[in-house]
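Subject: Structure handover

Hello,

Here is the structure you were waiting for. Please open it alongside this note, which goes through what was found.

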Amino acid sequence: MDKSTIVCKCEEINIDEIETALKAGACQFDDIKRLTRCGMGPCQSKVCTNMVREIIAAYTGEPMEHIEYPKNRMPIKITRLGVLVANQETSSVVSVFKESVSEVDTNG
Amino acid sequence: MEFELVIIGGGPAGLMAALTAAEKGVKTAIVEESFALGGQLRQQAQVLENLPKEFGKQSGIALAKFFSNKVSSIGVTALLGHTMIGTYRNGTIGVSNGKDTFPIYAKKILVTTGAAEQAALFPGWTLPGVMTIGAAQILLNRERVLPGKEAVVLGCNSISYDIAKQLRACGVNVQGIIEKKSIDEIDKELIEKFESENIEVFFHSNIEKAAGKQHVEKVWIDNDVLKKEREIDLVCISNGLYPVTEPLELLDCEFTYIENLGGRIPKYGSSFTTSNSSVYVAGNAAGITCIEGILVTASIAVTGILEDLAILNNIEAKKQKEILWTELLKAETGRYSKVHDARISLVNDFLPKEI
């Protein structure tokens, strides 16, 4: 297939860019995401997840069931920062950072 | 806000569950991202033939209306335009309405987020005029906009049959169905249905590419015999569905991978309880199935929830679940028998987490 074919519509990432990331050492969706922004747009990889997974499977020769899915983090839908902190009493900002807080905890 | 049961997703599974729970007096809320209840039923104009007896035969649109009327009259709180965006540290779900983010406390959470459509990758698939069949159905049946005049449909299955027929009925010329598989791999009954409608199916073929300036104008069909370019202005993609499971991931549910259920799927037991004992799953989010399967899995999950809330006693619940599992087997026999087998082995492998 033409390598210039767009895979991630939101961030306009094409097959070539994904394969370049794989050649640079990316193994999973999230590696490609960090290198290219693939899957980081408005749809939050709703549309491209399996397409990218298939490209990874074809590149690595691994079966699809071994190809990881992108990790979902809060907020799972596009949310304005102002909306997250709108109500001080119930502010979720701390929860958004729950992951990084617990990482710090476990790392001592 | 505090409820006994909070349902994430107001599609057929969520509505079925909300109705049953509210009938038993459970204080129930539905968190629904869009501004209407019904989910994908809202654009399904085709008659759903095999609904559970109490529903008879009706279109998805009619069923959505029936459900949303019933749900509002029975006192279910429908939080329209609300999205679950995360969880708080203590596991409470966080919901946003676009202005504010707040927690909703619930004894039990049922995730009925349904499925998303799988697009197909080929050069030109991002052009305007190339869309999934769900999008075409929204345009046709909900927005009353004709998505094109000359169409091809990618994927030979019962859903693409429905959309091809609907497009035709609206005056769209359906030039053909493009199917990767060979004729022997496709259900004979389905092929006959296409034949009786005089819709051509190109087996062993694929879309090589689509092209156009501002909008799709041509597709090239990669078929040894055909090798033809066709002038079209609409490409509908029917490439299957996969379960939407983000809320379950945030609720710390364990996952597994089962191809026949649509890929990554939460682990669940015979009452559709996940590894997080206060979280249940039903409908397409628990494995891609037919509309009957969607409704029956929701009924099973609610039975489990009623049992957990001590509204049903163990004996009654067990009896009801047995009846419902028999119904589910019946619903998933035939075209969905692989789904059912996969489901059974998933349920049998399920071990509730030690607390």
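Contact here means heavy atoms within 4.5 Å. The model is a predicted one.

With that cut-off, a helix pair in chain B comes first. W325(B), L328(B) and L329(B) in α8(B) meet H340(B), R343(B), I344(B) and V347(B) in α9(B). By class, the residues of this contact are five nonpolar, one polar and one charged. Helix α8 of chain B covers residues 314–331 and helix α9 of chain B covers residues 337–349. Their axes come within 10 Å and cross at roughly 145°.

Next, the sheet in chain B. Five strands form an open sheet in the order β10-β17-β11-β12-β13 (chain B), and the pairing is parallel. At the edges are β10 (130–132) and β13 (201–202) of chain B, each of which pairs on one side only. Inside the sheet, strand β11 (residues 150–154) of chain B runs parallel to strand β17 (residues 234–237) of chain B, and four bridges join the two. In β17(B), I237(B) is the residue that stands opposite L154(B). Helix α4 (residues 158–169) of chain B lies across β11, β12 (173–178) and β17 of chain B. The helix runs at about 165° to β12(B).

Then the interface of the two chains. How many residues of each chain are in contact? For chain A the number is 36, and for chain B it is 33. Together the chains bury about 3,000 Å², with 59% of that on carbon and sulfur atoms. Of the area that chain A buries against chain B, 20% is supplied by K46(A), Y69(A) and I76(A), more than by any other three residues.

In a salt bridge between K77(A) and E33(B), the side chains meet at 2.7 Å, N to O.

On the side of chain A that touches chain B, the elements giving two or more residues are β1 (6–8), α3 (49–60), α4 (81–85), α5 (93–96) and α6 (98–107) of chain A. α3(A) gives the most, with four residues. The residues of this side of chain A divide into 18 nonpolar, nine polar and nine charged.

Regards

Key: Residues numbered from 1 in each chain as written. Chains lettered and ligands numbered in written order. Predicted model: local features only at pLDDT ≥ 70, side-chain atom pairs only at ≥ 80, totals over all residues. Heavy atoms only, no water. Pairing = 2+ DSSP bridges. Axes fitted to C-alpha atoms, helices over the stretch in contact; angles between N-to-C directions. Buried area = accessible area lost by both parts, 1.4 Å probe. Salt bridge = Lys/Arg side-chain N within 4 Å of Asp/Glu carboxyl O. Nonpolar A, V, L, I, M, F, W, Y, C, P; charged D, E, K, R; others polar.
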